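Hi,

Here is the structure I promised to pass on. Have a look at it first, then read my notes below.

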Amino acid sequence: MNYGNRPIRKQQDPRKADELVSAPWDPQTKIDKRAVKSYLGAVGSAMAVSLSVRWVSLRIRNRALLLLAPVCGVVSAAVANLYLTRAHELTEGIEVADADGNCIGRSQVAAQKALLETAISRAVLPLPSLGLTPFMFQYLDSAPWYQSVRRMGWSGPLIVRYIALLLMSAITVPPSFALFPHRGQLPRSELEPSLQAKLSRNHSHVSYNKGL
């Protein structure tokens, strides 16, 4: 997902041979090492953080912390996957354009800002749905009116929980993506000197695609 939502270059560079490996089931099929590393990193970080939070919550007997274990795992997986997938942008930079839309080069400063903004958005995205829904469901279990819903069988509580999740997602997902604009801006003074020399004096800033 992070690889597909990365900033796309206008002129795609050919993939380096050392970045591809042959698939075990078909030597003719090539797999991107970055995708494999990001997947393993995301899964490993999510499991490590979730199990650690769960272990700590059981040790200190804190139910609230136990309910937050999944969201901690999801947030850590999202940030780790984002970094492992797009870490090369920190050294290669991402394309920046002037106010007229003309690409003037690749900026490492813009890449750092783009990754930071995307990481914050990815960390905020699951917080309301995964962080609040466990407590909301806990409230539903103790609510008097919810007991009548339980008498409907398994379908009643399931429908109520699905509706609650949909409402929570509809309210919280759009603001999380709207935290930062899709095309960010960087002042001229923060650009690398080589890019400042290419930028017209009439332009005070450049724009970049931060990815999703």
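The side chains of S107 and E192 are joined by a polar contact of 2.9 Å. Keep in mind that this is a predicted model, so treat everything here as a computed picture.

Let's stay with S107 for a bit. You'll find S107 in strand 4, which covers residues 103–107. Is S107 buried or exposed? S107 counts as buried because its relative accessibility is 0%, and the cut-off for buried is under 20%.

What does S107 touch, once you ignore the neighbours within four places in sequence? Its contacts are G93, I94, V96, L186, L191, E192 and L195. Take G93 from that list: G93 and S107 sit 14 residues apart along the chain, yet their C-alpha atoms are separated by 4.5 Å.

On to helix 5 itself. Helix 5 runs over residues 108–124, 17 residues in total. How far does helix 5 reach from its first C-alpha to its last? The span is 24 Å, close to the 24 Å expected at 1.5 Å a residue. Quite a few residues of helix 5 are buried, namely A110, A111, A114, L115, E117, T118, A119, S121, R122 and A123.

Now for something on the outside. Which residues form a nonpolar patch on the surface? They are V36, Y39, L40, V43, M47 and L51, and together they have about 600 Å² of accessible area. L40, one of them, is in helix 1, residues 33–60. L40 counts as exposed because its relative accessible area is 54%, and the cut-off for exposed is over 50%.

Finally, the whole protein. Nine helices and six strands make up its secondary structure. The protein has 212 residues, and 36% of them count as buried. Its accessible surface comes to about 12900 Å², with 64% of that belonging to carbon and sulfur atoms. Looking at contacts between residues at least 6 apart in sequence, 62% join residues at least 24 apart.

Cheers

Notes: Residues are numbered from 1 along each chain as its sequence is written. This is a predicted model: local features need pLDDT of at least 70, side-chain atom pairs count only at pLDDT 80 or more; totals for chains, interfaces and linings use all residues. Side-chain values use heavy atoms; hydrogens and water are left out. Patches are made of residues with over 30% relative accessible area and no salt bridge: like charges are joined within 9 Å, nonpolar side chains (Val, Leu, Ile, Met, Phe, Trp, Tyr) within 5 Å. Accessible areas come from the Shrake-Rupley method with a 1.4 Å probe; for residues, only the protein chains shown count as cover. A salt bridge is a side-chain nitrogen of Lys or Arg within 4 Å of a carboxyl oxygen of Asp or Glu. Helices (H or I, at least four residues) and strands (E, at least two) are DSSP runs, numbered from the N terminus. Buried means under 20% relative accessible area, exposed over 50%, partly exposed in between (1.4 Å probe, protein chains only). The expected span of a helix is 1.5 Å times one less than its number of residues. Contact means heavy atoms within 4.5 Å. A polar contact is a pair of N or O atoms within 3.5 Å; within protein, one must be able to donate a hydrogen and the other to accept it, and residues adjacent in sequence count only if both atoms are side-chain atoms.
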